[in-house]
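Student: I would like to learn how to read a structure such as this one step by step, beginning with a single chain and ending with the way two copies meet. Could we look at it together?

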Protein chains: 2
Amino acid sequence: MAVNARSPSDTPERIHEAGLELFNERGYTGTTVRELADACGLTPGAIYNHYASKEALLFAIVDRVHDEADAVLSATLRGCDGDPAVQLEALAAAFTAFHIARPRETRVANRDYIYLPAGERDSVVRRRRRVRGLFADVLREGEQRGCFAFGELGSEDAVQAASMAILNMVVFVAEWFDPRGPRSAADTAALHGRLALRIARASGC
Amino acid sequence: MAVNARSPSDTPERIHEAGLELFNERGYTGTTVRELADACGLTPGAIYNHYASKEALLFAIVDRVHDEADAVLSATLRGCDGDPAVQLEALAAAFTAFHIARPRETRVANRDYIYLPAGERDSVVRRRRRVRGLFADVLREGEQRGCFAFGELGSEDAVQAASMAILNMVVFVAEWFDPRGPRSAADTAALHGRLALRIARASGC
DNA sequence: GTTCAGTATGAACGCTCGTTCATAGTCGCG
DNA sequence: CGCGACTATGAACGAGCGTTCATACTGAAC
């Protein structure tokens, strides 16, 4: 027995993947280190050669998906000219595609980040707020330029509520989207782009 | 010591309330029976005079908030004539108000129902699907009558995606709504009603 | 005044938790 | 060939888990 010292060591990645799968399915507190180890064909102790703690694994998972989300959003904005309607549609579509492509990662990040120690949790909260701000900025810019219309809603700070409506539509798409359903991921992403424009009441939309 | 046999026994309700508070804050699996007992000024054993298990308490919480949600939605529909636009706006507004009024209940129900034993979890899933169906039915009815427009979105089954967009906007409102913010709960509910009409592209909206 | 159902106690149950550690196997490098 | 870095093992740790139970107190009913 004892198959020690594996090749170039994909072990950290295998543990990461197992954490993703199990945290998604059972929640962070509902998953044990022993289940994690079993899922990678390891014993519990071996996990600690690669992650300092169960919390450290959670942070690695949450941090990585936030990196990827930031990258997707930045790349999308870089690919747009300055038209807020184009930007909003592209952002909503790209972020929807991202959440459909990474349902486990995003669900764990959205649901289980509360179990991180205070410092890391705060850093995550800050990153999430920056994403919110990004959508809100596009909506505000569009309103000032007259492409979007929120005034007629007759509510204080409707931009904030509208940006959260768009974000909730996008972020929780994986709670119902079925890859075996009649609509493809790409179609759903495009559809969310158009629904975002409807929410913003983009002129001529 | 031992202050036994309290008055008419509000104890089950106090345990229910403590479960609500703690499950919301730390998650179901992140909450211990001892914490629950402490929060009600009881010892762990006393909990079991009122709930058969920790799972039974979770089910009581989740079940009650689903009852209340059903009641709100039915009452709202009863208060409307048959106009789908009126119905949609009223449903979105009322359900938003409900989620703002019961942030703990709805968060626990939405997040922790996965920890229920299979049978009870299935019953919850069925109730949630019925709510989805209710919104989708109104959208479909409105489309047939020509008050809503989804065809121009150019996507298969856009009604399903649109109804989920509306539901996610509504169901997750408590993740960002701040009662100390500039917009009141009532305003936000009304605003969500109008945003739902925008998503459905209600004619003249 | 006695009874009895209801309810709390507090100690204990067996189990599982996250984590540690001495040990040993494996492999690339000199 | 032999060393040293890496990594897995498996047993153990103390702590805490959900739950049970014998016991005792209380207050309303008769």
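Student: What percentage of the 205 residues of chain A count as buried?

Tutor: Bearing in mind that this is a predicted model, 40% of the 205 residues of chain A count as buried.

Student: How should I describe the packing of two helices, and at what angle do α1 and α4 of chain A pack?

Tutor: In general, two packed helices are described by the angle between their axes and the distance between the axes. Here helix α1 (residues 11-26) and helix α4 (residues 54-78) of chain A pack at about 85 degrees, with their axes 10 Å apart; since angles of 65 to 115 degrees count as roughly perpendicular, α1(A) and α4(A) are therefore roughly perpendicular to each other. On α1(A) the contact is made by Ile15(A), His16(A), Gly19(A), Leu20(A) and Phe23(A), and on α4(A) by Leu57(A), Leu58(A), Ala60(A) and Ile61(A). By class, this contact has seven nonpolar, two polar and no charged residues.

Student: Turning to the two copies, what rotation superposes chain A on chain B?

Tutor: Two copies of a chain are related by a rotation about an axis and a shift along it. In this model a rotation of 180 degrees, with 0.0 Å of shift along its axis, superposes chain A on chain B with an RMSD of 0.0 Å, and that is the relation of a two-fold axis. The same surface serves both copies, as 100% of the contact residues of chain A recur in chain B.

Student: How many residues of each chain are in contact?

Tutor: 28 residues of chain A are in contact with 28 residues of chain B. The side of chain A that touches chain B receives at least two residues from each of α8 and α9 of chain A, and its residues divide into 14 nonpolar, six polar and eight charged.

Student: How do α8 of chain A and α9 of chain B cross?

Tutor: The axes of α8(A) (residues 158-171) and α9(B) (residues 185-200) come within 11 Å and cross at roughly 55 degrees. The two helices are therefore oblique to each other, and their crossing is right-handed. Ala158(A), Ala161(A), Ala162(A) and Ala165(A) of α8(A) make the contact with Thr188(B), Leu191(B) and Leu195(B) of α9(B), a set of residues that divides into six nonpolar, one polar and no charged.

Terms used
Residues numbered from 1 in each chain as written. Chains lettered and ligands numbered in written order. Predicted model: local features only at pLDDT ≥ 70, side-chain atom pairs only at ≥ 80, totals over all residues. Least-squares fit on C-alpha atoms with pLDDT ≥ 70 in both. Contact = placed C-beta atoms within 7 Å. Axes fitted to C-alpha atoms, helices over the stretch in contact; angles between N-to-C directions. Helix = DSSP H or I, 4+ residues; strand = E, 2+ residues; numbered from the N terminus. Parallel < 35°, antiparallel > 145°, perpendicular 65-115°, else oblique. Left-handed = near helix turned anticlockwise from the far one by under 90°. Nonpolar A, V, L, I, M, F, W, Y, C, P; charged D, E, K, R; others polar. Buried ≥ 20, exposed ≤ 12 C-beta atoms within 10 Å, placed from the backbone.
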